[in-house]
Amino acid sequence: MGCKLLAALSAFSIVSAFAAPTIYEAEELPDASVAEGADFSGGKYAKTADPSGITFTVKVEETAVYDITTKVLIKQYDWTTSKIAVNGVDVGSMLTTPRNCDSSYVVSASAKMKAGENKITVGNQALGVDYITVERHPDAVFKISELPVTPNATESARKVYTFLRENFGKKTVSGMMISDQNFNYDYGNMRLIPPGGCTPADSCKFSDEEVSWKGQIDIAEFYKRSGHYPAIGGFDMLFAAGGHHEEGWFKGYTENNLVMTEQLWEMGGIPTYTWHWKVGEDTIFYTQQQGYRNAGCTEGVTKTADNNTCFNYTKAFKDSTCKEIDATSQVYKDIVADVDIVSGYFKQLEEKGIAVVWRPLHEASGGWFWWGVASAECYVQLYRLVFDRMVETNKLSNLIWVWNINTDPKFGYDYSALNAAWYPGDAYVDIVAVDIYDPLNDHNSAANYYNKIVSDVGTSKMIASSENGAIPDIDSIAEDKAYWSYWMTWSQTWSGNFLEKTPTDMWKRNLDDERIIALDDMPGWDNVKADIRKVRRMSSNNLTVNMQGNQVTVSLAQAGTVNIALFDLLGHKVASLAQGNLPAGNTAFNLDGIASGHYIVRAKVGSTSLAKKISLK
């Protein structure tokens, strides 16, 4: 079997003038052994006896984030998982999967470098290295809609959106997730006992202070470490549907979410909801070994183990492409029944003038939840089904919609494997968020994740860290110009212990900083003015362009007339990729045969246009 040359393309939003990258040839390094190689079109590549790889000394004039590419040669069976490192810190994977034949690769990474000399190390002693290129990462220029995507959004939703939008790029809002809960419940009468509602006959376990939002263990521990309460409170619809959801403690958990949400809103805070979704009578949302594809997942089976559900949501559609809903299927009926339950809870909040930042179907391409085990195309259709059911059918207007980009195990687990092919489309998303659990706990800005989102999704949406362990330090955020809209530390309870990933002095310093918004920094919702205009979803706001390998993928939320072309950096058209009608969904265009170099992909649908810079090696 022959080997196909793979090129990892580095795509950047067009946000500033493009500067040519500086090229450093490995063969010119004094300690490198040089060999000829047809794999590099007759060029030269270098090797080293150093197990850590070949190290380049790079001098830059300013402290900033830089884009690095390297071309490496993998001889047969010499595959590796070595890293690209900058000043001794890993900044990206060299390879994400082993190869069993001679291949050359162009691999990209982004990293902060200090003014002066920096050391960039690539490969290892088994790899041949041709060169590296270094160029300053362009500063992103965002153009974000003044209104949320929900048609005729409520005033409260527009206030939340306005507040986040006006602070994006300037300040970061702090957040904390609640997992375990303190609440009192009257199991005999199946009712939640609210603060102030306990009588001696109730024998309440918790005091009014303990059942309040501020009294919850996760929130109280946040305050203990930082001296402030978070401005964003995280809740979960974990027990709103699925098996046992009508039973006392489970129902009490969900109802207590609403009580705490109302408290937080009255204090001027922002509630955000996640949904670990258990469908119908199922009690599992996790998948193992591709979920419904497990051998034990036969008709009528709900799970094969306590960490695997057999639920196959693609059966809600007429075929495996998921392009058309099958409203007669039981799977579809189960899905919408659960969505209707959750919508009912959100409707209660809407009637009280409360808005919610809503993150459904999170960690999209990870594959450990049932909604992430089918294809990207099917996931997109599922997300849109949930959106349409909640917004169009159930008439919810108080939600700010968050899409959670994720790494794709097919490509790896670091930032370079974030897969934007699962993006539902601009018309369905207000905020693009990512979950980051930094194993180093070094409190870096996570600018590589931030910049990857900008590169692959664009600059029309706010960007947030929807889950984190160690918090990104505000000085690092500012220096790297990676201003997350918000971060939300995951829970301390249920053995999470994520508050412990950040030392107390850093908690205090960050929450005291004026660039971090705590609850006591919130202006109060009466003092936030929202745009009074109303908006409806427009088909012109449905275009995304992504790169994967040597392909350009164009995603349309709705079918439309497009014009897609490839240009060189002087503006000369190199190739016309598509002109005319394009269906909804993802369409890939192969760039095989295009000479190596830097190019710009320009795509237009209706009045919406998008351009991205790419490099072909």
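Of the 617 residues in the protein chain, 58% are buried, where buried denotes a relative accessible area under 20%, exposed over 50%, and partly exposed the range in between (1.4 Å probe, protein chains only). The model is predicted, so that local features need pLDDT of at least 70 and side-chain atom pairs count only at pLDDT 80 or more, whereas totals for chains, interfaces and linings use all residues. Residues are numbered from 1 along each chain as its sequence is written, and side-chain values use heavy atoms, with hydrogens and water left out.

The protein chain contains nine helices and 32 strands; these are DSSP runs numbered from the N terminus, helices being H or I with at least four residues and strands E with at least two. Among contacts (heavy atoms within 4.5 Å) with a separation of 6 or more, 74% link residues 24 or more positions apart. The chain exposes about 25,100 Å², of which carbon and sulfur atoms supply 49%; accessible areas come from the Shrake-Rupley method with a 1.4 Å probe, and for residues only the protein chains shown count as cover.

The interior may be described through its nonpolar cores, each a set of buried Ala, Val, Leu, Ile, Met, Phe, Trp, Tyr and Cys residues joined through side-chain atoms within 4.5 Å. In soluble globular proteins, nonpolar side chains tend to be buried together. The largest core here has 153 residues, and F346 and W403 have the most contacts inside it. Helix α6 (residues 376-393) contributes the largest share of this core, ten residues. Leaving aside residues up to four places away in sequence, F346 touches M237, Y273, V356, W358, M390, L396, N398 and L399. A second, separate core comprises 19 residues, including V552, A603, V605 and I614.

Two aspartates illustrate polar arrangements. D186 belongs to strand β14 (residues 184-186) and is buried, with a relative accessible area of 14%. Its side chain makes a polar contact with the side chain of N189 at 2.7 Å and reaches the backbone nitrogen of G188 at 3.2 Å. A polar contact is a pair of N or O atoms within 3.5 Å; within protein, one must be able to donate a hydrogen and the other to accept it, and residues adjacent in sequence count only if both atoms are side-chain atoms. D186 also touches R191 and I193, residues up to four places away in sequence not being counted. The C-alpha atoms of D186 and D202, 16 residues apart along the chain, are separated by 6.9 Å. D513 lies in the loop between α9 (504-512) and β25 (516-517) and is buried at 17% relative accessible area. The side chain of D513 reaches the backbone nitrogen of R515 at 2.8 Å.

The structure holds three disulfides, a disulfide being a pair of cysteine sulfur atoms within 2.5 Å. C198 and C204 are joined with an S to S distance of 1.9 Å, and their link is left-handed, with -95 degrees about the S-S bond. C198 is partly exposed at 29% relative accessible area, and C204 is partly exposed at 26%.

The sulfur atoms of C297 and C310 are 2.1 Å apart; the torsion about their S-S bond is about -75 degrees, so this disulfide is left-handed. C297 lies in the loop between β17 (270-274) and β18 (303-305) and C310 in the loop between β19 (308-309) and α5 (330-351), so the pair ties together parts 13 residues apart in sequence. The disulfide of C322 and C378 has an S to S distance of 2.1 Å and is right-handed, with 85 degrees about the S-S bond. Because C322 lies in the loop between β19 and α5 and C378 in helix α6, this pair ties together parts 56 residues apart in sequence.
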